Amino acid sequence: MAQPDTKKFFENLSGAGKSIAVLTSGGDAQGMNAAVRAVVRMGIYVGAKVYFIHEGYQGMVDGGDNIEEASWESVSSMLQVGGTVIGSARCKEFRCHEGRLKAAHHLVQRGITNLCVIGGDGSLTGANLFREEWSGLLEELIQQGKIDEEAAQTHSELHIVGMVGSIDNDFCGTDMTIGTDSALHRIIEVVDAIMTTAQSHQRTFVLEVMGRHCGYLALVSALACGADWVLIPEMPPGDGWEDHMCQKLSENRADKKRLNIIIVAEGAIDSYNKPITTDYIKDLVVKCLGFDTRVTILGHVQRGGTPSAFDRILASRMGVEAVLALLEASPTTPACVVSLCGNQAVRLPLMECVQMTQEVQKAMDEKKFEEAVRLRGRSFENNLNTYKLLSYRKADSELPNSTFNVAVLNVGAPAAGMNAAVRSAVRVGITEGHKMFAVSDGFEGFYKGQIKEIKWGDVGGWTGQGGSILGTKRTLPAKHTEKIAEQMRIHNINALLVIGGFEAFECLLQLYEARASHQEFCIPMCMLPATISNNVPGTDLSIGADTSLNAIVETCDRIKQSASGTKRRVFIIETMGGYCGYLASVGGLAAGADAVYIYEEPFDIRDLQSNVEHLTEKMKTSIQRGLVLRNENCNENFTTDFIYQLYSEEGRGVFDCRKNVLGHMQQGGAPSPFDRNFGTKIAAKAIQWISRKLKESYKEGKVFTNSDDTACLLGMRRRALLFQPVVQLRDETDFVHRIPKEQWWLKLRPLMKILAKYKTSYDVSDSGQLEHVTRIRPKESDTSAI
């Protein structure tokens, strides 16, 4: 931990006397409103004046009512709304000098010298040009007599911070742009629905998704639904691809698969830069194979709907970071974009990102497609490589010759995305030449001998399935090591992949300790964290937590809406998570909660009292609804009923209360795109690691290894995916409460409090420092799970 004196708190950063304007420009994206809300509330919190600029740059050029001062209440209830509430427009006028002169005049009139722009690369390039011209524009305004010298002096610097809002995820330097995850949600909802009808009629579906210049949405949705074929602009198919595709479709049908899905980006091209259309593919499939084929074009559905939990959190974090960047900006700081690298907020020079984004297009125009993929960044490249690994089944003769047997099992409670991880592990394992074995019902099934070989076709269609198809139990191996060792001898198991939550971590520790007495456990063992509670040490994120967060946020939205039109109401909602407050805290941030009670941050009756008073004051304004989240184990005496009764009594006459226990609906449902991809990618990475360790430890005809670094957990830490020996993670763990001793998301709690109008201390020593765009990211910085 950083020492208190090295910490930097933003109390020292005052916005007093400053004016910040926020605008959304270019194509809309879900989550833009969450970003606007965060900028407004953080701006007001630090004492600045904040203005909306309606209708993007057009509103800046037209002035008048388009530039309006924002209040705390004016952004209430916009978190869950898709699109952009303050409007967006393409503006030709701003592209010419005259338009920018008008815009500068309107900003100076209101004393605005800090601009937060939420949009794509075009909008951000425009903002940068505006900044470069600023002093010249002020000179002209003086000459025209529209402003005086003093006004020009006072407003001599224009500071700009950008946030990228674009569903295409086509901006270099950032792992995820605001809106991408929500667009993936829309696509996957449609694909899941289409799969059921395609299955019934044995049909082939050709789906067109957005992405004129960038194939991210097509690639990731193909990965998330296990599509048979994907066509993207960055990877045009080679000559003869039509025959190749038809051959693959018919092989899949022969393999008992009743449907085919082909996903096409709207900008898909062949290697001669000729567009590939959905109709061309449909006619091709009908002509070559005679399959019943349908085309579905998703269109603007992808831009619509409510933002996902990921986009709300991303946008809220970025909005707060943008205000900090504006407060810290000096005359020499270049215009920057705030973005996310892995799980870490970063600031990057705006023009470096724009130039790199333009270089991708240039590389594609020059048919340097491998270069284009590399410039897109590690996240894109990893998605592409994983897709290639999983989609094409090699003939047995092409497989490497391996004699290793690898077993896969699920342990603990079910988590959405487990099946995607198992599918990925099985297929990558087969591609690496191993024999893959599936163990049913965790270690209980293991000692009972419920172990059978699992083939490529057995895991078809698993990505979109919730729960655990293999079956999962909480049984720990310690009492059954003899029988488990015997089963490992019988089936000659040479490596183990365990997918599960905190119990899986305990299991791996027990097997590691059992190496001393049983050499059957002296083999490579890897664990993938999969639990909705996200309480496993050694990783920032777990498979299943994102699906659960979305379930919580969706339910909170509905619950809040249920009170619209009635009198003021506060909802007390209980979430799962054991002793880990991740779901409650991050769910609270995404749903716009007023207070969140968790075990990790002890609270007493005085805190409850001040929360009730705070909410009562808020309810006396135009705000109609309050939301309070409570983790199930946050305090044994302050139960959900107690908090409900306290709020009911203290709020009497101002608001009434309702309570809700969300229960197991947080554990069910189809996995979100994030969990499908996170599971798919980390399982592929784990099997490749297992293959390496098997080769290293194979001596004299058998596998033997008892080193610490062959019993690992693969987790995401800030920017990197890391293999960490479980024995080293033991010291980082509180085994009584089943949580890591230090948890990164506790740093997001002050953010939630600020956005709920509490005075709090916010440690910004971890906030993004200006970095440069790296052409090749640091090793292992695989980043965004998506």
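These notebook entries record what I looked up in a predicted model.

**Conventions.** I number residues from 1 along each chain as its sequence is written. In this predicted model, local features need pLDDT of at least 70 and side-chain atom pairs count only at pLDDT 80 or more, while totals for chains, interfaces and linings use all residues; side-chain values use heavy atoms, with hydrogens and water left out.

**Entry 1: the sheet.** I looked up an open sheet of four strands, ordered β19-β20-β18-β21 with parallel pairing. Strands here are DSSP runs of E, at least two residues, and helices are runs of H or I, at least four residues, numbered from the N terminus; two strands pair if DSSP finds at least two bridges between them. β19 (595–597) and β21 (656–661) each have a single partner strand, so one side of each is left without a neighbour in the sheet. Neighbouring strands of this sheet are turned by 20 degrees against each other on average, direction ignored. I then checked β18 (residues 569–575) against β20 (residues 625–631) and found seven bridges in the parallel sense. Ile572 has Val628 in β20 as its bridge partner.

**Entry 2: helices on the sheet.** Helix α18 (residues 545–561) lies across β18, β20 and β21 and runs at about 160 degrees to β18. Helix α20 also packs on the sheet, touching β18, β19 and β20, and its direction makes about 160 degrees with that of β20. Contact means heavy atoms within 4.5 Å; axes are lines fitted to C-alpha atoms, for helices over the stretch in contact, with angles from 0 to 180 degrees between N-to-C directions.

**Entry 3: His614.** I located His614 in helix α20 (residues 605–619). His614 counts as buried because its relative accessibility is 18%, the classes being buried under 20% relative accessible area, exposed over 50% and partly exposed in between (1.4 Å probe, protein chains only). A polar atom of the His614 side chain lies 2.9 Å from the backbone oxygen of Lys757. Leaving aside residues up to four places away in sequence, His614 touches Ala756, Lys757 and Tyr758.

**Entry 4: helix α7.** I found 10 of the 10 residues of α7 (residues 216–225) buried. The buried residues of α7 pack against α6 (180–201), β6 (204–209), β7 (229–231), β8 (260–265), α13 (378–391) and α22 (673–697).

Conventions. A polar contact is a pair of N or O atoms within 3.5 Å; within protein, one must be able to donate a hydrogen and the other to accept it, and residues adjacent in sequence count only if both atoms are side-chain atoms.
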